[in-house]
Amino acid sequence: MGELGPKLRAALEGVPASKPRSSAGVPAEAAAEAPGEQRLRQSQSQPVYKLSANENPYPPLPGVIERAVAGAQGINRYPDLWCGELTRELAARFDVPEAHIATGTGSVGVTQQLLQITAQPGDEVLYAWRSFEAYPVLTRIVGARPVEVPLAAGEVHDLDAMAAAVTGRTRLIFVCNPNNPTGTIVRRAELERFLDRVPSDVLVVLDEAYIEFVADEDFPDGIEVYRDRPNVCVLRTFSKAYGLAGMRVGFAFAHEPVAAALRKTAVPFGVTQFAQDAAVASLRAEAGMRERVEALTAERRRVSAALAEQGWALEPSHANFVWLRTGERTDDFAALCEREGILVRAFSGEGARVSLGEPAANDRFLYVAERFRKELPGR
C-alpha cells in the first residue's frame, strides 16, 4: 500500500513556495550554482547593490537601535501582545482613536489578516494588475478568487473598470497608492468617485506603503478618507520610509469593527518587542525620517531625468523606485544588471522595478540602463 500522507488544501497548489536555503544562503538543491545575489557576492571585483526589494538604503534613524537594544535583557519574556505603547504613539501621531488601530508583522502580515476577516472560499478579491505581488498569493491562500483589472494607459489604476468588476461576491478591494511596482498614483477626486460607487458592505483597503515619498498635492491622504467611510481601511508600514524592513511592523487604521477583527486574527506576539520599541523610536524621529525621504526623492528626480535623457519612456514615480517597461526583454535586462552587480525586481515579459539606493548604486544602475538601451536591436 502506497504512502498517501496528509491531505493538504488544493488552494495551495497554485501558490509559490519559498525554498529552504543551505548554510551558504542558497537553495539546498542548487548550492553548487550559487545563483543571484550569492553568486555576485562571491566576486571581489565590484560591490553588489540590491535594488530589488524597495528597502531604505539608510541605516535606522538615530536612537532606534539604542532603544531596541536596551530591551534585549527582556527577551526571555513575551512582547506586549497588543503593542500598547506603539498603538498610543500611532494614535497621537495620526490623530486617530486607539480602537481604530491594528498592528501586524509588516503590511503584508496585516494584508493577510484583512483577507482572513473578509474573504472565504468562493468570494472575490479585486485589485489592479499589475500591482503588489502579494495580493494574488494571499488571496489564493484563503481560498478566494483573485479578480485582476488591468492597469489603464499611463500605468494607472482603471477605477471605472474596477468599479464595474464589483459583483455580489466581492468582499475586498485593494487600491495600492502609490502603486507597486509602477509608482503611479490615484488622485483625490477619482478615488472619491470610485468609493462612492463601491457597495458599503465591501471593504476597500488603501495600501499606502509608500505614502511618505509622495509630493503631489492632489494625493489623497487615506487617513482623512477613512474617517467618514466605515468601509475604508488604510494600510501602512515601517519598512520603507522608516527603514525597519527587517523588523516587520505594519499597521492599519479602520473603524472599530474592522480594526477589532484585525486584532483577532493577528499572530499572537507576532510583533516582537524589539520591533515595537524600534517603531516607537522611529515615530519620535520624524524629522530625521523626512530628511532621508527628501534625499531619496531627490535621487528619484535625478535618476528619472537621466533615464528620460537616455530615451526611456517612463511614467513619473511617486515612490522609492522606478518602473521600466522592458517587455519581452525584461529577463535580458535583469541578467545584464546582475552581471554588473545590480539586483532588480524583474517581472518576466513585463518590466523591471528598480529601487532607489545610495547615489553610487543609482549611478551603476544608470550606466547599465544606458548600456542596455544602446544594445537594443534596431538602434
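Let me begin with a term: a residue counts as exposed when its relative accessible area is over 50%, and as buried when that area is under 20%. Asp 95, at 59% relative accessibility, therefore counts as exposed. This is a predicted model, and I will keep that in mind as I walk through it with you.

Staying with Asp 95 for a moment, you will find this residue in the loop between α3 and β2, and although Asp 95 is not a glycine, its phi is positive, at about 55°. A second residue of this kind is Cys 83, which has a positive phi of about 50° and is not a glycine either. Cys 83 lies in the loop between α2, residues 64-70, and α3. Is Cys 83 buried or exposed? With a relative accessible area of 2%, Cys 83 is buried.

That brings me to helix α3 itself, which covers residues 84-94 and in which Gly 84, Leu 86, Thr 87, Glu 89, Leu 90, Ala 91 and Phe 94 are buried. The cover over these buried residues includes β2 at 101-104, α8 at 222-226, β7 at 232-237, β8 at 250-253 and α10 at 273-283. For α3 and α10 the angle is about 20° and the axes are 9 Å apart, which makes α3 roughly parallel to α10. Their crossing is left-handed. On the α3 side, Glu 85, Leu 86, Glu 89, Leu 90, Arg 93 and Phe 94 meet Asp 277, Ala 279, Val 280 and Leu 283 of α10, and by class the residues of this contact divide into 6 nonpolar, no polar and 4 charged.

Let me now turn to another helix pair, α4 and α5. Which residues of α5 are buried? In this helix, residues 134-141, the buried ones are Ala 134, Tyr 135, Pro 136, Leu 138 and Thr 139, and they pack against α4 at 106-118 as well as the strands β3 at 124-129, β4 at 145-150, β5 at 170-176 and β6 at 203-207. The axes of α4 and α5 come within 10 Å and cross at roughly 40°, and that makes α4 oblique to α5. The crossing in this pair is right-handed. Here Val 108, Thr 111, Gln 112 and Leu 115 of α4 meet Tyr 135, Leu 138, Thr 139 and Ile 141 of α5, a contact with 5 nonpolar, 3 polar and no charged residues. Just after α5, Gly 143 takes a positive phi of about 90°.

Also in helix α4 is Thr 118, which is buried, with a relative accessible area of 18%. Neighbours within four places in sequence aside, Thr 118 is in contact with Asp 123, Arg 171, Leu 172 and Leu 203. Thr 118 and Ala 144 are 26 residues apart in sequence, while in space they are 9.8 Å apart, C-alpha to C-alpha.

One runs from Trp 129 to Arg 130, with omega near 15°, and Arg 130 is in the loop between β3 and α5. Another joins Asn 177 and Pro 178, with omega about 0°, and Pro 178 lies in the loop between β5 and α7, residues 188-197.

His 318 sits in the loop between α11, residues 286-310, and β9, residues 321-324, and is buried, with a relative accessible area of 12%.

Finally, the nonpolar cores. In soluble globular proteins, nonpolar side chains tend to be buried together. In this model the largest nonpolar core has 79 residues, and those with the most contacts inside it are Ile 173, Phe 194, Phe 238 and Phe 365. Phe 365, residues up to four places away in sequence not counted, touches Leu 51, Val 303, Leu 307, Val 322, Leu 324, Phe 333, Ile 342 and Val 354. A second, separate core has 24 residues, among them Leu 115, Val 125, Cys 176 and Cys 233.

Methods:
Residues numbered from 1 in each chain as written. Predicted model: local features only at pLDDT ≥ 70, side-chain atom pairs only at ≥ 80, totals over all residues. Heavy atoms only, no water. Core = buried A, V, L, I, M, F, W, Y, C linked by side-chain atoms within 4.5 Å. Buried < 20%, exposed > 50% of the residue type's maximum accessible area, 1.4 Å probe, protein only. Contact = heavy atoms within 4.5 Å. Helix = DSSP H or I, 4+ residues; strand = E, 2+ residues; numbered from the N terminus. Axes fitted to C-alpha atoms, helices over the stretch in contact; angles between N-to-C directions. Parallel < 35°, antiparallel > 145°, perpendicular 65-115°, else oblique. Left-handed = near helix turned anticlockwise from the far one by under 90°. Nonpolar A, V, L, I, M, F, W, Y, C, P; charged D, E, K, R; others polar.
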